[in-house]
Amino acid sequence: MTNDKPQEHLLIRGLGLGACVALGVCDMIGQGVFLKARAMTCNVGAPWIVMAAWLLAGLLALCGALTLAELGAMMPESGGPYAFLRRAFAPQIGFAYGWMMLFLGGPLSAAALAAGGAIFLNLQTGGALDAIQVPLSLGFLHGNLAGTQAVALALIGAIAVVNLAPVRTNGAIATVLAAVKILVLVTLTVGAFLLGSGSFHHFAMNGNAGLCTGIAASARGGAAGFGAAMVGALYAYQGWSSLTYVAGEIKEPSRTLPLALVATMLVVMTVYIAANAAYFYVLTPLQIASTSPASSVGLEVFGHIFGPAARGVATSLLFVSVLSTLHVTILTNSRITFALADDDDLVPWLAHVSSHARVPSRAVMLAAVLAAILVVLGTFDVLSDFEIFSVWIFYGLVGLSLFVLRRKEPDAPRPFRIAGYPWIPAAFCAATAWLLFEAVIDAPARSLLGLGIIALSLPVYRVLRARKLRRRGAAPA
C-alpha cells in the first residue's frame, strides 16, 4: 500500500522471489492432483483425453498467469484482480469481484480444502471419523456434525491462527511445505516408472465402464464430459492468480511478480502431467474410474508402488499437502478483503493491520469464519466445482481488462509486457467463455445461484457508497 495510508493499514514488503514461488506452489498443489483423476477419467474415458485436459487447462492457466503478470507489474497492490478491475472498468466491478471472493471464491476454496484434508485424515485413522457425530446448535441450525466436518472446522481454525504470524514467517513455512509437495509428487512419479510394474498399454484402454460413483451421466462423454474434465483440472490448477493478491507485500514487485507467476506455472504443469502419466502407467483406466470417492487415486498408486504399508505414510504426506494449500489460501484471499476495506468499499474495521505481525488479522479471521460456515453446508465435490464457476467469471473480465487498459492508458509504465499480445490474452478470454458455457449447461441451478450472489453486490455497493459519501459530507450521485 502507499505510504499515505494510516500506519495501522500499512503492510510490509517481506516476500522475495523464492518465497513467492513457494507460496504459488503451495497454493496450487493441494488435493486436486490426487483426487480429481478419478472423476476426470469418468468424464472422458480415454487416458490420452484426460492428459489433454490437464495440458490444455495448464496452458489456459499459464495464459492467465501471463496476463496477470503484466497487470500485476503495472499495479503491484494488494487484492490483485480487485485493483485491475476497478482501474479498467469501474469501482463497482472491482467491488463485485471482492464480494465474490469474500462470500464465494475464498470461503469455497478454503472449505473444499478443509473437507479434503479431513478425507485424508479419515483414511489415516481407518475411517474412525465416520463414526463420530458432534452435536451442533447455532442459532437456527440444529443437528449433528459428521466427524470429518468437525475436523475440517478444526483445521480452518488452526490455520487461521498460523496466518496471524508475520508474512515473512508464513513465507518461510510455505517454502518448507512447497519442498515437501514437490518431493511427494517426484517420489510418486519416479517410483511409478521404476518400481510400479505398470504398462504403457494402459494408455490405449478406456475407463467408461468404471463404477464412477457420484458422476452424473450428463457429465460423461462428448463436449460436456470434456468440459467437466477441464473444470476438474482447473480446480487442481486453482491458485495461479493468488500471488497478485499479496502484491502489496512482495519485494520489488514489478520484477518479482512476473517471474514468480511464470515459474510457478511451469513447475506445477510439469509435475501435474508427470503425476497423471504415472497414474495411468500403474493403474488401468477402469481401476482409476472405479476408485472409491472416499479414497484417492494418488493413494492407490502409492500402495501399488511401495506396498500397502506405504499408504499410511502417503496419506500423511497428502494431508500435509492439503494443509499447506489451506494455509496459503486463507493468507492470500484475506488480502482481497483487506484491499476492499482499505479503499473504504467495505467496513473500515476490516482494514486493521495487527501492530506486531503487520498482517490484516481481522480479514484473516473473517475468511476463516465464512469457510467454516460452508464446511457445515457442503461437500468436497460440490464446493470445488461451485468455486470454479464463480471465480472464472472474473478471470474472464481480468483478461478483458488488459485490452481495456492498453487502450485507455497506452503510456502507463509497464515493467512487464505479455509476449504474443493480443493472441495470448484473447485465447485466455475465449477459453474462459467456453468453460463458463459448459459449466452453465452442466449445472444450471448452481450457476444461477452463483450469478445471483454476485449480482447482489451491485445494490450492496450503492448502499455502502452512499454511506461513505454521507460520512465524507458529500451527496451520493
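Met 101, Leu 102, Gly 106, Pro 107, Ala 110, Thr 329, Ile 330, Asn 333, Ser 334, Thr 337 and Ala 367 line the second largest cavity. A cavity is a set of points on a 1 Å grid over the protein atoms alone where a 1.4 Å probe fits but cannot get out; lining residues have an atom within 4 Å of a point. Two elements give two or more residues to this lining: α5 (91–124) and α12 (310–342). Helices here are DSSP runs (H or I, at least four residues), numbered from the N terminus. The lining has six nonpolar, five polar and no charged residues, with Gly counted as polar and Ala, Met and Pro among the nonpolar.

The volume is about 70 Å³, taken as the space filled by probe spheres set on the points. The whole structure holds two cavities of 30 Å³ or more.

The model is predicted: local features need pLDDT of at least 70, side-chain atom pairs count only at pLDDT 80 or more, and totals for chains, interfaces and linings use all residues. Residues are numbered from 1 along each chain as its sequence is written, and side-chain values use heavy atoms, without hydrogens and water.

Now the loop residue. Thr 291 sits between α10 (285–289) and α11 (297–306). Thr 291 counts as buried because its relative accessibility is 8%, and buried means under 20% (1.4 Å probe, protein chains only).

Beyond residues up to four places away in sequence, Thr 291 touches Arg 38, Ser 296, Val 297 and Glu 300; contact means heavy atoms within 4.5 Å.

Definitions and conventions. On a 1 Å grid over the protein atoms alone, a cavity is a set of points where a 1.4 Å probe fits but cannot get out, and a pocket is an open set with protein on both sides within 12 Å along at least five of seven lines; lining residues have an atom within 4 Å of a point. Buried means under 20% relative accessible area, exposed over 50%, partly exposed in between (1.4 Å probe, protein chains only).
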